[in-house]
Amino acid sequence: MDPYKGIKAEVLSIINETPTIKTFVLKPEKEFSFSTGQFIQFAVPKVGESPFTPSSSPLEKEKFEVTIMRVGRVTESIHNLRKGDVVEIRGPLGKGYPLNEFEKKEVLILGGGVGLAPLRSLLLTLLYEKHKYNRIVLLYGARTPIDIVYKNEFPEWAKKGAEIYRSVDKGDENWKEKVGVVTTLFEDVKLNPDNGVAVVCGPPIMMKFGTLKLLQIGYKPENIYLSMEKNMSCGIGKCGHCGLGKYFVCKDGPVFKYSQIMNIEGIWE
Amino acid sequence: MKFISKENFKSFVNALSDKYEIFYPAKLNEQQYEWAKWENNKELSLEGFRTILPAKYFFYSTRENLTEKAKKETIIFGLRGCDVRGLELLKKIYLEEPKDPYFRTDVLIFSADCTSSHRDCFCTTLGDKPFAESGFDLNFSCLEEGFLVEEGSERGKEILGSHSRLFREATELQKKAITDKRIKIEEELKKRSEEKVLDLQDLKNKIEKNKAILEEYGKDCVSCSSCTNICPGCFCFLLCEGEENKIRYADSCQFKGYARVAGGANPRKNLIPRFANRVYCKFIYRPEAQGLKGCTGCGRCFSSCQGKIDFKEMLLKIQM
């Protein structure tokens with residue numbers, strides 16, 4: 001087995017989420033299954049490869065989705081893909097969300113911007129077996145209403161039992177919900193940190209202040225789960241790129257308990 | 001423990017060369033040895049100390065097309081203890097599941113005791129020895145009249161077995177001669193460090209608390225990556241898309257872009273955190289995650305450093 005060789009996947013469709021974010025629906029050439037929170041390496045042949053966490057439910061077996069923001073060379077070429085194009089994927093890689101540790105607990109999902117991608121996969125997984133969890137709360141922040149991903153899916157998630165609170169840094173005339181950074185949503189929701197876990201994913205600055213807020217309201221470091229973004233290259237714990245202290249994020253993560261990494265320098269940068 | 005005479009050693013190498021490609025440390029001058037490919041009737045001396053480049057590049061390349069390649073069976077003679085210890089770490093990383101199929105496991109390691117030392121060598125300062133204690137297929141110790149040979153693996157044993165007529169049992173006198181030689185070279189190295197030996201556990205605790213020292217030494221770093229390229233314990237690479245398959249390039253944590261992520265965030269965009277990362281990796285991260293330190297005391301980093309950063313001196317200062 002060559003872990004550097006991927007399998008082919010066809011682009012079935014492309015959903016425009018925001019002006020800079022698209023969701024790609026991919027059909028792998030052979031069976032491909034993952035646990036929610038695990039990531040894949042997504043390669044545009046001859047151009048480059050980048051790591052992403054699938055944003056769809058792992059229960060869907062035929063196809064899966066990745067939501068990708070255009071920020072650099074590889075994501076630019078991914079955004080130029082069309083329906084029917086063939087890409088290469090490697091994975092699943094890393095460890096996903098430890099769902100068994102969430103059982104019988106209140107699960108708070110805290111997301112920012114395109115960071116909702118892996119959290120959407122988690123949310124769909126949790127909602128499928130909702131009875132296992134005491135409560136599912138989603139706090140989501142985006143810069144402006146246009147920057148919100150999965151715009152049409154929130155009502156459905158709410159119908160299935162997720163409590164949803166949203167904010168934007170800057171509203172517009174149609175925005176009726178909260179205006180402010182995502183942490184301001186904590187004012188509106190009563191949480192139970194003593195029997196709850198919090199799962200955070202978003203841009204570094206939001207991860208930092210989100211985590212600090214969670215600690216402030218009483219979440220213990222071992223009950224805060226962070227999806228760490230590092231530049232995974234090999235994806236299997238050999239190339240060193242995603243080193244985070246003694247850990248390789250690709251192999252030991254990408255999901256870490258805050259207690260595992262709280263003493264490592266520069267985790268928010 | 002076996003003995004092989006100098007004459008028989010020539011026949012041994014000749015016989016092996018039918019099947020194997022053989023590399024050995026060729027002497028350039030009093031302070032430099034370099035890897036050379038053995039050719040018929042060339043003298044293969046195992047005297048001396050570590051080569052300029054580490055042996056790791058026999059196991060993977062600095063630029064490598066990741067496809068199946070026909071490999072010529074290879075023997076490396078004369079790896080020193082430092083290179084063998086470096087390879088132990090690399091094997092842990094590359095061969096942990098899922099295994100890297102391109103890291104060579106077929107290369108035979110015929111290590112040799114150091115008989116002298118380079119001015120930058122400091123293995124004894126780390127508590128290590130100027131010879132390999134494990135991790136080899138065969139180990140050679142130089143005597144006036146030949147070599148003592150120790151088996152370190154099944155493959156090594158098999159090779160000895162199939163050339164058994166060239167070897168005989170080592171005498172107690174010969175074993176004693178080797179022990180004495182080893183002590184002598186160890187003493188020589190220890191003297192160079194004024195008998196100082198680092199307490200690695202203590203060093204680990206002190207490194208992060210002595211940032212001023214890391215800064216004092218790190219400010220002379222020019223991020224050239226010589227130290228990581230030449231280090232037997234550095235293993236980092238970058239995986240890229242090639243025309244047909246992936247290509248692997250040796251990479252360095254000393255480069256500014258090494259830890260940068262999409263969108264531009266970079267925990268080590270500044271010089272000192274990059275410089276410190278290398279030290280943390282060697283003495284904190286790898287011991288914690290792999291159970292092996294990332295530094296072998298070969299001193300190649302100092303030898304090749306454009307900023308003349310004396311790593312041994314820095315470590316001793318941190319420990320003080």
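What follows is a short chat about this predicted model.

Q: Okay, how is chain A divided?
A: Chain A has domain 1, residues 7-93, and domain 2, residues 99-227.

Q: What distance separates the centres of the two domains?
A: The centres of domain 1 and domain 2 of chain A are 23 Å apart, taken over C-alpha atoms. The contact uses 15 residues from domain 1 of chain A and 14 residues from domain 2 of chain A.

Q: Which strands of domain 1 supply at least two residues to the side that touches domain 2?
A: In chain A, strand 1 (7-18) and strand 5 (64-69) each do.

Q: And how do the residues on that side of domain 1 divide: nonpolar, polar, charged?
A: On the side of domain 1 of chain A that touches domain 2, six are nonpolar, eight are polar and one is charged.

Q: Now the sheets. What is the strand order in the open sheet of seven strands in chain A?
A: The order is 10-9-8-7-11-12-15, and the pairing is mixed. Strand 10 (178-179) and strand 15 (255-257) of chain A are the edge strands, each pairing on one side only.

Q: How do strands 7 and 8 of chain A run, parallel or antiparallel?
A: Strand 7 and strand 8 of chain A run parallel, joined by seven bridges. A:Leu108 stands opposite A:Val137, which is in strand 8 of chain A.

Q: And strand 8 to strand 9 of chain A, how many bridges?
A: Six bridges, and the two strands run parallel. Strand 9 of chain A covers residues 163-168. Here A:Gly141 stands opposite A:Ser167 in strand 9 of chain A.

Q: Why call strand 7 of chain A largely enclosed by the rest of the structure?
A: Because six of the seven residues of strand 7 (106-112) of chain A are buried.

Q: Which strands does helix 2 of chain A lie across?
A: Helix 2 (116-128) of chain A lies across strand 7, strand 8, strand 11 (196-201) and strand 12 (224-227) of chain A. The helix runs at about 155 degrees to strand 7 of chain A.

Q: Over to chain B. What about the open sheet of three strands there?
A: The order is 4-11-10, with antiparallel pairing. At the edges are strand 4 (63-65) and strand 10 (237-241) of chain B, each pairing on one side only. On average, neighbouring strands of this sheet are turned by 20 degrees against each other, direction ignored.

Q: How many bridges join strand 10 of chain B to strand 11?
A: Five bridges join strand 10 of chain B to strand 11 (246-250) of chain B. In that pairing, B:Leu238 has B:Tyr249 of strand 11 as its bridge partner.

Q: What does each chain put into the contact between chains A and B?
A: Chain B puts in 29 residues and chain A puts in 31 residues. In chain B, helix 2 (81-95), strand 10 and helix 8 (271-289) each supply at least two residues of the side that touches chain A. By class, that side of chain B has 20 nonpolar, two polar and seven charged residues.

Q: Which residues touch the most other members in the largest nonpolar core?
A: That core has 149 residues. The ones touching the most other members are A:Ile109, A:Ala198, A:Val199, A:Val200, A:Tyr225, B:Ile76 and B:Phe77. Helix 8 of chain B gives the most to this core, with eight residues.

Q: What does B:Phe77 touch, leaving out residues up to four places away in sequence?
A: Among them are B:Phe23, B:Leu44, B:Leu46 and B:Phe110.

Q: What is the phi of A:Lys46, and where does the residue sit?
A: A:Lys46 is not a glycine, yet its phi is positive, about 70 degrees. The residue is in the loop between strand 3 (39-44) and strand 4 (48-52) of chain A.

Q: Is A:Lys46 buried or exposed?
A: A:Lys46 is exposed, because it has 10 other C-beta atoms within 10 Å.

Q: And A:Tyr150?
A: A:Tyr150 also has a positive phi, about 55 degrees, although it is not a glycine. Its place is the loop between strand 8 (135-142) and helix 3 (154-159) of chain A. With 19 other C-beta atoms within 10 Å, A:Tyr150 is partly exposed.

Key. Residues numbered from 1 in each chain as written. Chains lettered and ligands numbered in written order. Predicted model: local features only at pLDDT ≥ 70, side-chain atom pairs only at ≥ 80, totals over all residues. Domains from an automatic or database assignment. Contact = placed C-beta atoms within 7 Å. Helix = DSSP H or I, 4+ residues; strand = E, 2+ residues; numbered from the N terminus. Nonpolar A, V, L, I, M, F, W, Y, C, P; charged D, E, K, R; others polar. Pairing = 2+ DSSP bridges. Axes fitted to C-alpha atoms, helices over the stretch in contact; angles between N-to-C directions. Buried ≥ 20, exposed ≤ 12 C-beta atoms within 10 Å, placed from the backbone. Core = buried A, V, L, I, M, F, W, Y, C linked by C-beta atoms within 7 Å.
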